[in-house]
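Dear colleague,

I am passing on the structure we spoke about, and below it I have written out what was found when it was examined. Please read the notes with the coordinates open beside them.

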Amino acid sequence: MNLTGWLIYRREDAKSNKAYINWFIREAKKKFISLQLVYRDELIVGIQKQKKVIYHKNYETPLPDFAVIRTIEPILQLHFEACNIRVFNSYEVASICNNKAYTYHELNKLNIPMVDTIYYKLDKHFEYLPLDFPFIAKQANGRSGNEVYLINNEIEWKRCLQNNPYEDWVIQNCSVRKGVDIRVFVIGKEIIGAVQRKNKHDFRANFSLGGTATWYTLQEKEIEIVQKIVNHFHFDYVGIDFLVGLNGQLLFNEIEDVVGSRTLSLVSNINILEKYVAHIINEMEKR
């Protein structure tokens, strides 16, 4: 099946993901797919004369059959879909999963175990917070462990808000094993594998923040929880992250829409991009 695709990155992110991008392009080429790296700053999208337009390098060039969008900008997914371009992941997934508050709201519909969570808006200072110190504060749109803070007292909370004037936050109980989490890799409806990430020097387990990774074998009850999430969404390729409760129970944390594969590649021989390309082909054949 001869297909053309755009792999869209912010220019600065593409530099640090060069090996991954080249690997992706090679796997696509094996299946006769022409996958082109496109920088986000080369694209202009909008509406002109009541028509949706996409400019690449200032020209209305032939559009691809599909686009893998590796930026966090759900309006881009929405616009491409309106132009009849299949997007991986979809606007629906990107818009929910790139906002932690939206994600927790959606997962609560499935009765998925998670820590107590309060939505907090910066201009709505509460006289009373229904969570005791210490707690975890996260920017609702943050990712990769950035904009996540352990707050031990009111002074630290006020300082955090002053130094980080983001509008939307989520505040969470932190009665969990600190510096430990589980990431589950999912393509379509298939659970590909899971890794346990640990960080002895930080309450955040993220590999990019100095954590380590080992293969994690999901137990039957854990698979049931993951599968319930997978069945609820139309994922293409995501990472589903869980915290570990003090009793060892997995507690939902977040879904990474723009998920990498460094930890999975480190602890296994799974070729995640070979599987992803096969999924893309399968999805495109349905159109």
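Asn84 is found in the loop that runs between helix 3 and strand 6, and since the model is a predicted one, what follows should be read as a description of computed geometry. Although Asn84 is not a glycine, its phi is positive, at about 65°, and with a relative accessible area of 59% the residue counts as exposed, because the cut-off for that class is over 50%. A second residue of this kind is Asn111, which sits in the loop between helix 5 (100–108) and strand 7; its phi is near 60°, again a positive value in a residue other than glycine, and Asn111 is exposed, with a relative accessible area of 65%.

The bond from Phe88 to Asn89 is cis, with omega near -10°, and Asn89 itself lies in the loop between strand 6 and helix 4 (91–97). A cis peptide bond also joins Phe133 and Pro134, where omega is about -5°, and Pro134 has its place in the loop between strand 7 and strand 8.

Strand 1 (residues 3–9) runs parallel to strand 5 and is joined to it by four bridges, with Gly5 standing opposite Phe66. Strand 6 (residues 86–88) is likewise parallel to strand 5, through three bridges, and here Val68 has Phe88 as its bridge partner. Together with helix 3 (residues 74–82), strands 5 and 6 make a right-handed β-α-β unit.

There is also an antiparallel sheet, an open one of four strands in the order 7-10-8-9. Strand 7 (117–121) and strand 9 (148–151) stand at its edges, each with a single partner strand, so one side of each is left without a neighbour in the sheet. On average, and ignoring direction, neighbouring strands of this sheet are turned by 25° against each other. The antiparallel pairing of strand 7 with strand 10 (residues 168–173) extends over five bridges, and within it Ile118 stands opposite Ile171. Helix 6 (residues 154–163) lies across strand 7, strand 8 (135–139), strand 9 and strand 10, and runs at about 155° to strand 9.

What is the setting of Glu27, and is the residue buried or exposed? Glu27 belongs to helix 2 (residues 18–30), and at 6% relative accessibility it counts as buried, because the cut-off for that class is under 20%. Its side chain is joined to that of Asn271 by a polar contact of 3.1 Å, and, neighbours within four places in sequence left aside, Glu27 is in contact with Asn271, Leu273, Glu274 and Val277.

Helix 9 (residues 272–285) has 14 residues, and from its first C-alpha to its last it reaches 20 Å, close to the 20 Å expected at 1.5 Å a residue.

Lys189 is partly exposed, with a relative accessible area of 42%. A polar atom of its side chain lies 2.9 Å from the backbone oxygen of Val230, and the backbone oxygen of Phe233 lies 2.6 Å from a polar atom of the Lys189 side chain. Apart from neighbours within four places in sequence, Lys189 is in contact with Gln227, Val230, Asn231, Phe233 and His234. From Lys189 to Ser95 the separation is 94 residues in sequence and 19 Å in space, C-alpha to C-alpha.

With kind regards

Key: Residues are numbered from 1 along each chain as its sequence is written. This is a predicted model: local features need pLDDT of at least 70, side-chain atom pairs count only at pLDDT 80 or more; totals for chains, interfaces and linings use all residues. Side-chain values use heavy atoms; hydrogens and water are left out. Helices (H or I, at least four residues) and strands (E, at least two) are DSSP runs, numbered from the N terminus. The expected span of a helix is 1.5 Å times one less than its number of residues. Buried means under 20% relative accessible area, exposed over 50%, partly exposed in between (1.4 Å probe, protein chains only). A polar contact is a pair of N or O atoms within 3.5 Å; within protein, one must be able to donate a hydrogen and the other to accept it, and residues adjacent in sequence count only if both atoms are side-chain atoms. Contact means heavy atoms within 4.5 Å. Two strands pair if DSSP finds at least two bridges between them. A crossover is right-handed if, with the strands pointing away from the viewer, the path from the first strand over the helix to the second runs clockwise. Axes are lines fitted to C-alpha atoms, for helices over the stretch in contact, and angles run from 0 to 180 degrees between N-to-C directions.
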